[in-house]
Protein chains: 4
Amino acid sequence: MGTTAAADADAETETVTAGVVGGSGFAGGELLRLLDGHPNVELVQATSREYAGKSIGGVHPNLRGRELRFSEPSALESVDVLFTATPHGITMEHVEEYTDAADLLVDLSADFRLATEGQYDEWYDGHTAPEYLEVAEYALPELNRENLGDADIIASGGCNATATLLGLKPLADAGVLGSEAQGASDTSSGGEPRDGADVVVDVKVGSSEGGAGGGAASSHAERSGVVRPYAPTGHRHEAEIEQWLGLSVSFTCHAVDMVRGASATCHVFPDGPVSKKELWTAYRGAYEAEPFVRLVAGGSGSYRYPEPKAVAGTNYADVGFELDPGNERVVVFSAIDNVMKGSAGQAVHAANVALGFEETAGLEFAGLHPVGSP
Amino acid sequence: MGTTAAADADAETETVTAGVVGGSGFAGGELLRLLDGHPNVELVQATSREYAGKSIGGVHPNLRGRELRFSEPSALESVDVLFTATPHGITMEHVEEYTDAADLLVDLSADFRLATEGQYDEWYDGHTAPEYLEVAEYALPELNRENLGDADIIASGGCNATATLLGLKPLADAGVLGSEAQGASDTSSGGEPRDGADVVVDVKVGSSEGGAGGGAASSHAERSGVVRPYAPTGHRHEAEIEQWLGLSVSFTCHAVDMVRGASATCHVFPDGPVSKKELWTAYRGAYEAEPFVRLVAGGSGSYRYPEPKAVAGTNYADVGFELDPGNERVVVFSAIDNVMKGSAGQAVHAANVALGFEETAGLEFAGLHPVGSP
Amino acid sequence: MGTTAAADADAETETVTAGVVGGSGFAGGELLRLLDGHPNVELVQATSREYAGKSIGGVHPNLRGRELRFSEPSALESVDVLFTATPHGITMEHVEEYTDAADLLVDLSADFRLATEGQYDEWYDGHTAPEYLEVAEYALPELNRENLGDADIIASGGCNATATLLGLKPLADAGVLGSEAQGASDTSSGGEPRDGADVVVDVKVGSSEGGAGGGAASSHAERSGVVRPYAPTGHRHEAEIEQWLGLSVSFTCHAVDMVRGASATCHVFPDGPVSKKELWTAYRGAYEAEPFVRLVAGGSGSYRYPEPKAVAGTNYADVGFELDPGNERVVVFSAIDNVMKGSAGQAVHAANVALGFEETAGLEFAGLHPVGSP
Amino acid sequence: MGTTAAADADAETETVTAGVVGGSGFAGGELLRLLDGHPNVELVQATSREYAGKSIGGVHPNLRGRELRFSEPSALESVDVLFTATPHGITMEHVEEYTDAADLLVDLSADFRLATEGQYDEWYDGHTAPEYLEVAEYALPELNRENLGDADIIASGGCNATATLLGLKPLADAGVLGSEAQGASDTSSGGEPRDGADVVVDVKVGSSEGGAGGGAASSHAERSGVVRPYAPTGHRHEAEIEQWLGLSVSFTCHAVDMVRGASATCHVFPDGPVSKKELWTAYRGAYEAEPFVRLVAGGSGSYRYPEPKAVAGTNYADVGFELDPGNERVVVFSAIDNVMKGSAGQAVHAANVALGFEETAGLEFAGLHPVGSP
């Protein structure tokens, strides 16, 4: 269990065994890549109903040459840490089996991201294991590091919520989002979120968010070159955002032509005047010690603001902002790789924290330049 | 002059001569394509300082096989209608020469889009021919059709402003944007625009907006796959939007990976409750007779909302919306081809109105499906 | 029937009725666009099993606003000309029904492209209506114009075969491909094609070739940015190429990141020395009177050779070449839009010839510049 | 010097100092990324005339947060190994300065890739330091590992040549390319390459090959979606291919829509019959011990053949083939990341060999799945 590991002075040289349930999807494949190269992890199993018996490199061509083969989900092995990258609803159904098989369960689905059954029912359909909701901890270390060390279940956040939260949380904590937002972190245990006409979040996402699968709308011919609104209102990731900010936001997503990436542009209208200096103070205070958040401060080159390209393949979140003096708007930009910081990388980062490993272990890839539509 | 043509019962079979100044750029090339295929136009000249002597098909490969060659700008011929597709600042410098050479001048630059010298100076540098500002008429027929017939100078609107205005004008006219907005059309002659924290406009544009040219930031390797904020605050097209809506908006642009297209997502927060029916009434009233605006009403397929792909190469604007009951937000989507409806197509449409031709003459292309990043 | 129409002096102002079977696919949608805008055609029916009852604009967003709705394939109406854009095997099954319903049948599938049952069986599975194979005429007017006027059934060629044939046929006719190739046009009625190690054809195609549908391999996330060999050997379009050139070629396809387009690079090794002048003579002789073939002769700009971008959305084929003195190789480039010249455009062009209309009627669109991945 | 290092039993824990001349370009930036993360390297300097004084993360956004700043090229520091990523012609001009400053010089330009002045003059303009040509060793370890240990100057190969050579060298060594090819490796010291009508190489490359810079032809609007022939005949990389295969090939390049990647499709016509088994024997014998070459053996998924996507960001070359029984053609596919295996990765790999480090040190990144146009 992570707490023991965390107490161990030799934690960084320790090795744990790990398994991945649902290893044939995009997030699952990324877990396989990260765990295969993780200095403290021995990857012992990857399950896939569809590809059982096939080598992992036969599904994920970047993993060609690895010996590991997919096994049936029914033949689950006991491991120290189990990652589940299954469609929503599967982990809650098997949560007892999974927690029996592993000391630490890290789930990448939406099943355990919300704190209460009431919140879950508001945004999703009925939860089949609600008693685990309060057991689970939200994975994002920048928001919840202090609770990860004791966690038995960790729920990796939604990609769009992750991008948005990393952009807005420092402003919420600094009181820029409104007076009630200051206690935002506490609202997960109750309280009515205040109305949020003050924050508009316009997110652009890549096609990997749709998962490995297909369908006419996500075919290359139909999806290439799109600027396609989807879930223009009522996106489920709003639930996570409300839970952590203590206020609701006006949220709209657009599919654009990239494979990896989620970019949140947050238009924030503070109640009163705010200065650039105050904003920098808020962001620097929040992130100066964070290994995976980089503040992007404008400048003169081609890359003046956060962009998903610059973090593709990495666990970084790039965050920056611009202040619009005319109408006292703060425009916050937050860019992540949805498969990494928005899913598998966040999960491994949280597991590193929980298990007492170096936080950046297995997550050192710096990203590429140039890179196209990563 | 257009007024004479408009009065002519045989206008639709009449032919005028036309020239294009600045025909080697993207908007200029599109003018050449449109005018070359226009049933009422004889294209007699295209100028280009850089490519004088070269065939127009040598620069614009879609026009291979045409006999017309670029001529020096200094050798300007007299024509009935002259289109200028030059960088900002050139037309104002040559406006006397151009209006001497042609009965009707249609300018695609920003030089004559604003109504007063004061407005111009607020957003651009000093105007060298301010006395022509009140002479010029804004090209967008959906906003200004009644004034085009008498025009001597027509100023084609900015692409981002065009997409935004087509999305928001019906709401302004219906009072949804605030009581003061109802007289919006009159504000071009003065008055202080009201503060506009109520409307956030998040625009996504293609690389053709940057024009034919190049530079490291717009190179394929750097620009592919981007979600790149640019002009996140203070974009000059806000001036046109303010002029026509009577209120300022919070405006931010992003470059995304497409070549043609401008897509405006407008997050509107009405003062009071508004119903879907009211909104449809407003949009249908505004656009039911418009030949180039299509209302997109959701539905079940891959294309539920306006998308630039669906209008690529055409003069259409697709407009639609979604109502967010939770926080009383209207999310308006407006998609155009920036080179067409946002520039050259708008110019030809306005000229058709001014000259009394069929409004759709030369603009009949229906667009393609499928189409990638057009 | 076409022959009557062809004899009619007023043919160009005549109007025929047309229907499209299989109108929801990519080629079918393109037919709808072309026929909807065709001056001599009244489009009266479009069938689709899946979308019966839905407006054609609900499936093809470029056709928004048209009133025509899909009808069930079983409710086929009698028309003057019927276009079938169904999967391979459907037209042969219904060929009696279709030829009863229309004077002229234009099929876009592979069912009637080959001249004999033996050829068909070599490349495809058993033909169920082989007696119609010799009735049908190959659509490509550049190869077979003289036989289209009397045709009852016209078979639109395969896109890759079309690109290849337009690049190589002038060389075959000029004897550059080998002495036996001179009688190539006659080989459709028999004769063993000679061995063709002398011609390597390397084709690059867009995702629209796969048709509207989907599947994991053609999803945006998997197909973006590919250079993916497919059918590296044994591609079925070789059959058409052999039929018309009289020799077999070494043929390999690659999927690349575009939606529309097929580009054939043909590496030709003549038996003896050949000069640029001879080559130009061959190509000019073959194509100088062709309305839809443009010879691209190098030059100094960005577009020195044929490229699919430059013909996207059009019925043009751009053809050019370079001569490699070192090893006496001719590198021929041929670029088309696979949905247009490689399918629906070719079909309409052939129908225009058969029906005695202006050859370019309904096919006037000039294409766009700039244009991305069309 | 590398030989000493190679002899050192503790080589793998040893650290050398390294500098990069020309660090602001694409290959230079990749060197900075690789050396910054290399366990045996201390990166002490990066020069850039244009960006001197600016942090390396200000030019390469993936390197945000690094402290190193570009320095003037004139202020060159002494290091153990110096990498030069400058335009062709610069290294030869400064070769004495560079070899004085470092024990080992690894050049990424074309200056020292060819063995003799005669070869150089045939393909490039006059060499200013021809006496170093025979001193320099070609970097590709798969071809020249045995000569790297003693090298003072290493010349990283051209990207298109690298992809082609890795695809064809096993066939040359196995005698499949013709009897004379067996002694191919020796032809660098003389001998007339035999005529090569038997091998056609059709290469597809990404936009990063053009380097950081710009220009109208490489702008996003012009280059998106291209299948653009360039250097269809007479490509300079043919010189390297001839040098190592002992025969000339028919070589043509196409720019396609990706940023990173070079994919060579080699159409090989052996003199006599060849079996799949013989081919597999040749490739397995050549590459089974190679850490960076993976044989791709068809199979059933989306990724049956080598594709640049599957190696993007990595130092891998994926190689595979298909046999065309009909005309006895072998179609060989070879895919690399041009910035990595085709340039900076190859350079670091060669330096690892020369310096006695683990060959894979600093080159462990596994690549991504899914990934777009990397």
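Okay, let's start with one residue: A:His220 sits in helix H8 of chain A, which covers residues 220–223. Helices here are DSSP runs of H or I with at least four residues, strands are E runs of at least two, and both are numbered from the N terminus. Keep in mind that this is a predicted model, where local features need pLDDT of at least 70 and side-chain atom pairs count only at pLDDT 80 or more, while totals for chains, interfaces and linings use all residues. As for bookkeeping, residues are numbered from 1 along each chain as its sequence is written, chains are lettered from A and ligands numbered from 1 in the order in which they are written, and side-chain values use heavy atoms, with hydrogens and water left out.

So, is A:His220 buried or exposed? It's buried, with a relative accessible area of 1%; buried means under 20%, exposed over 50%, and partly exposed in between, using a 1.4 Å probe and protein chains only. A:His220 also touches residues of chain C, including C:His220, C:Arg223 and C:Asp257. Contact means heavy atoms within 4.5 Å.

Next, chains A and B. Their contact takes 49 residues from chain A and 49 residues from chain B. The area buried between them is about 3700 Å², with carbon and sulfur atoms giving 57% of it. That's the accessible area (1.4 Å probe) that the two parts lose on being put together, summed over both.

How many salt bridges are there between chain A and chain B? The count is 4, where a salt bridge is a side-chain nitrogen of Lys or Arg within 4 Å of a carboxyl oxygen of Asp or Glu. One of the salt bridges joins A:Glu307 to B:Arg228, with the closest N and O atoms 2.6 Å apart. Several elements of chain A each supply at least two residues of the side that touches chain B, among them H8 and strand S10 (250–256). The largest share, 5 residues, comes from S10(A).

Now look at the sheet in chain A. It's an open sheet of 7 strands, paired in parallel, in the order S3-S2-S1-S4-S5-S7-S6. Two strands pair if DSSP finds at least two bridges between them. At the edges are S3 (70–71) and S6 (137–138), each pairing on one side only. S1 (residues 16–21) and S2 (residues 41–47) of chain A pair over 6 bridges, and A:Thr17 stands opposite A:Glu42 in S2(A).

Last stop, chain C: helix H2 (residues 26–36) has 9 of its 11 residues buried, so the helix is largely enclosed by the rest of the structure. The buried ones include C:Phe26, C:Glu30 and C:Arg33.

Methods. Lists of a residue's contacts leave out its neighbours within four places in sequence.
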